Amino acid sequence: MFSGIRKTRCRKVWGMISDYIDDLLGAEERNEVERHLETCSACSKELESLRMTVQLLRRTPSVPVPRSFAIREVEAGREEVSGQHGSGWLRPVPAFAVGRVSAVWGGVCDPQRLRWLRPAAAFATAALVLLLMLDFLQVVPQQGGIDTREVFNESTAQVVSTPAPEVEWDTFEAGGDELAEVPPVPAPPSQAAEDEGKAPAADVYFDELTGGNDYGGGKEIATDTAGGWPMRQIEIAIGAVASILIAVTVVTWMRRNRLSRV
Amino acid sequence: MRNVFSMEEQEFISRSQEGDVEAFNQLVEHYQRLVYNLALRMLGNADMAEDAAQDTFFSAYKAVGKFRGGSFKAWILRIAANACHDRMRAARRARASSLDNLIEESGDFIADNDAESPEDYALRRELGRFLNEGLAYLTEDQRLVVILCDIQGLSYEEISEATNSSLGTVKSRLNRGRARLRDFLLQRRELLPAEFRQDK
């Protein structure tokens, strides 16, 4: 019974112990705490250890600032600074450069705000890899079972000198954009001359394919127009976008990493 | 000096609210040590504390127009506490650090007094490191209140304003924080300075 009352008093004193240590109690409450402390050795010990803790904390040295945190004019218009003030290789970015970038991007490039970058970079990279794989497997430029690029990777002279295979002339529709339906190899002029009326000469065939334009190389023709899509340009564009996104992501990641560097 | 500044503070605040960067920098000059030390004790890492302090003053500059009187010190410490919270959350998210690791690298306790002997400097540095470890042992809320009260010497009312909490909450956190820190220190009694070691 007595121990229950003592515990209740101890709890009450404990509710006031911080105020007692900080000397913020009124006279009546202070007397009550001191009366209890005289009779309760456990609470006295607790109080002493807490006092010791507080004294130790109060001895904690104040550390001088490593540099001034004054706002520079060029930064005053910025929304928030994150990163360029710490140490690390990104730190010495000149203030005017930071200001210019911020002015252009309006804070969009702030590492804290670039959460969209990683998924965007991942998506662009995946698209690029997929495209390269398709390209490698020759799926994209290949339609109708014939790789037109294979044909025109050869030089015009080689095409001309290539012996003519059996051509399914039923499927041959030269001209227009449907290069996929072009037969694998056109007939050489000599054979065409022998087989008059059945197959056009290679030069004529080439002219029909290109509409008479001189492209200067077969590869460009095939890749630029295969399947009606400018595949090479698309690949280059996606590659460029992916490279930029990856580079920005890496830089952003390094800056973020620096912020939480241990 | 402090009283003189207090008299000028309102004028600096008013001019800052009109966009005067120089006036705002007077306030920065006055409070930067307080803010940096709070960040240093909260985060336990000098680099992160530096970034948090800079974030604090930029956020304060942006928001100074919304300051509606009261204690500017409590207001700026509240912004600093939020900046520290953001930094800790970012560090946790990155999973790149733990507070223990941060403490190991904290490059603080630079000699502040040329007259200090090397022995005193070493002791002070050791004590600071030890206390940082102890502070890391507390919850974020408890640590903030203990730092503001016992290290920076703010009143309960100022802490209440700075943490946006009631007085009762402040007292409760302070009680629990001190007790928890005390437990930490007693477990490592051999590391305490001699005058504290013999007490218990």
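1. In chain B of this predicted model, helix H3 (residues 46–63) packs against helix H4 (residues 72–94) at an angle of about 130°, and the two axes lie 9 Å apart. Because of that angle, H3(B) counts as oblique to H4(B), and the crossing of the two helices is right-handed.

2. On the side of H3(B), the contact is made by Met48(B), Asp51(B), Ala52(B), Asp55(B), Thr56(B), Ser59(B) and Ala60(B), while H4(B) contributes Ile76(B), Ile79(B), Ala80(B), Ala83(B), Cys84(B) and Arg87(B). Sorted by class, the residues in this contact of H3(B) with H4(B) comprise eight nonpolar, two polar and three charged ones.

3. Setting aside neighbours within four places in sequence, Ala49(B) is in contact with Tyr36(B), Ala39(B), Leu40(B) and Leu43(B). The C-alpha atoms of Ala49(B) and Arg87(B) are separated by 8.8 Å, although the two residues stand 38 residues apart along the chain.

4. Turning to chain A, there are 12 helices and two strands, and from the N terminus on the elements follow the order α-α-α-α-α-α-β-β-α-α-α-α-α-α.

5. Chain A has 262 residues, of which 20% count as buried. Among the contacts in chain A with a separation of 6 or more, 65% come from residues 24 or more positions apart.

Conventions
Residues are numbered from 1 along each chain as its sequence is written. Chains are lettered from A and ligands numbered from 1 in the order in which they are written. This is a predicted model: local features need pLDDT of at least 70, side-chain atom pairs count only at pLDDT 80 or more; totals for chains, interfaces and linings use all residues. Axes are lines fitted to C-alpha atoms, for helices over the stretch in contact, and angles run from 0 to 180 degrees between N-to-C directions. Helices (H or I, at least four residues) and strands (E, at least two) are DSSP runs, numbered from the N terminus. Angles under 35 degrees count as roughly parallel, over 145 as roughly antiparallel, 65 to 115 as roughly perpendicular and the rest as oblique. A crossing is left-handed if the near helix is turned anticlockwise from the far one by less than a right angle, and right-handed if clockwise. Two residues are in contact if their C-beta atoms, placed from the backbone, lie within 7 Å. Ala, Val, Leu, Ile, Met, Phe, Trp, Tyr, Cys and Pro count as nonpolar, Asp, Glu, Lys and Arg as charged, and the others, Gly among them, as polar. A residue is buried if 20 or more other C-beta atoms lie within 10 Å of its own, exposed if 12 or fewer, and partly exposed in between; C-beta atoms are placed from the backbone.
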